[in-house]
Amino acid sequence: MSAETPASREVPQDNRFKIWRQTRPFWAGLFTLLGGLPIAYLPYGDMRLGNITLAMKTTAGSSALIIGVLLITLGLTMWFHPIVRVFAGVASIILGLVSIPVSNFGGLLVGFLLALVGGGMSIAWAPAPPVEEVLDSEDDGEGEASAETEALWADGVPEQREAEHHATETTIDANGGRNSAG
């Protein structure tokens, strides 16, 4: 193995980040992570406007820091463990809502809105179908593709079966519709 040989033979070197990004809720994790930053920072930060210092310190600074760190952690969880994306999305929405009374109106509404958008995107994200299925459907002709598509739709919807009637003395159909169980 030489220095010019890529580490992975399956994925070209220039497309690695793109493929990694497309196999997980990347933007949801980014919005959630960015939403945690103002929520965690604003209770401890000072803004200077000329000679005026605007202190945003609150008594609930530790809880705002915890909410911000949890949102950052949930954003990273969406990236590195996409299987728990629904839990992470719901948790980020709840933490974003809790940040309104706890952390200066949710990080001046910026962190709150970013956490809500990231959580909603995480819940709504679904993995793409495997590449083999996509390539197989693109290679087929138009007539075959429509027949296959109809078959797939038919497989997805259960068929209505005719009722199986086994008339016995204990069923509703027996004895003129009256139940004779008792």
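Hi everyone, two housekeeping points before we start. Residues are numbered from 1 along each chain as its sequence is written. The model is predicted, so to speak of local features we need pLDDT of at least 70 and for side-chain atom pairs 80 or more, while totals for chains, interfaces and linings use all residues; side-chain values use heavy atoms, with hydrogens and water left out.

Let's begin with confidence. The mean pLDDT (the predictor's confidence in each residue, from 0 to 100) is 76 for the protein, and 61% of its residues reach 70 or more. Helix α6 has the highest confidence, at 94, and helix α8, residues 142-156, the lowest, at a mean of 56.

Now the layout. Starting at the N terminus, the order is α-α-β-β-α-α-α-α-α-α. Of the 182 residues, 27% count as buried. Buried means under 20% relative accessible area, exposed means over 50%, and partly exposed is in between, with a 1.4 Å probe and protein chains only. Contacts here are heavy atoms within 4.5 Å. Among contacts with a separation of 6 or more, 65% come from residues 24 or more positions apart.

On to the core. A nonpolar core is a set of buried Ala, Val, Leu, Ile, Met, Phe, Trp, Tyr and Cys residues joined through side-chain atoms within 4.5 Å. The largest one has twelve residues, including Ala28, Ile39, Leu71, Met78 and Ala115. Helices α2 (26-41), α3 (61-80) and α4 (85-102) each supply at least two of its residues, and α3 gives the most, with five.

Which residues does Ser92 contact beyond its neighbours within four places in sequence? They are Thr32, Leu71, Leu74, Met78, Ala115 and Gly119. Ser92 sits in helix α4 and is buried, at 0% relative accessible area. Its side chain reaches the backbone oxygen of Gly89 at 2.9 Å.

Next, have a look at Phe112 in helix α6, residues 110-124. Phe112 is buried too, with a relative accessible area of 11%. In sequence Phe112 and Gly35 are 77 residues apart, yet their C-alpha atoms are 6.4 Å apart in space. Not counting residues up to four places away, Phe112 touches Ile39, Gly96, Leu97, Ser99, Ile100 and Gly106.

Last topic: the aromatics. Rings of Phe, Tyr and Trp (its six-membered ring) pair if their centres lie within 6.5 Å; planes under 30 degrees apart are stacked, over 60 edge-to-face, and the rest tilted. That rule gives eight aromatic pairs. One of them is Trp20 with Trp79, edge-to-face at 6.2 Å centre to centre and 70° between the planes. Trp20 belongs to helix α1 (residues 16-22) and Trp79 to helix α3, so this pair ties together parts that are 59 residues apart in sequence. Trp20 is partly exposed, at 26% relative accessibility, whereas Trp79 is buried, at 13%.

Phe26 and Trp27 are also edge-to-face, 5.2 Å centre to centre with 80° between the planes. Here Phe26 is buried at 11%, and Trp27 is partly exposed at 45%. Ring pairs link Phe17, Trp20, Phe26, Trp27, Trp79 and Phe80 into a cluster.

Key. Helix = DSSP H or I, 4+ residues; strand = E, 2+ residues; numbered from the N terminus. Polar contact = N/O pair within 3.5 Å; in protein donor to acceptor, adjacent residues only side chain to side chain.
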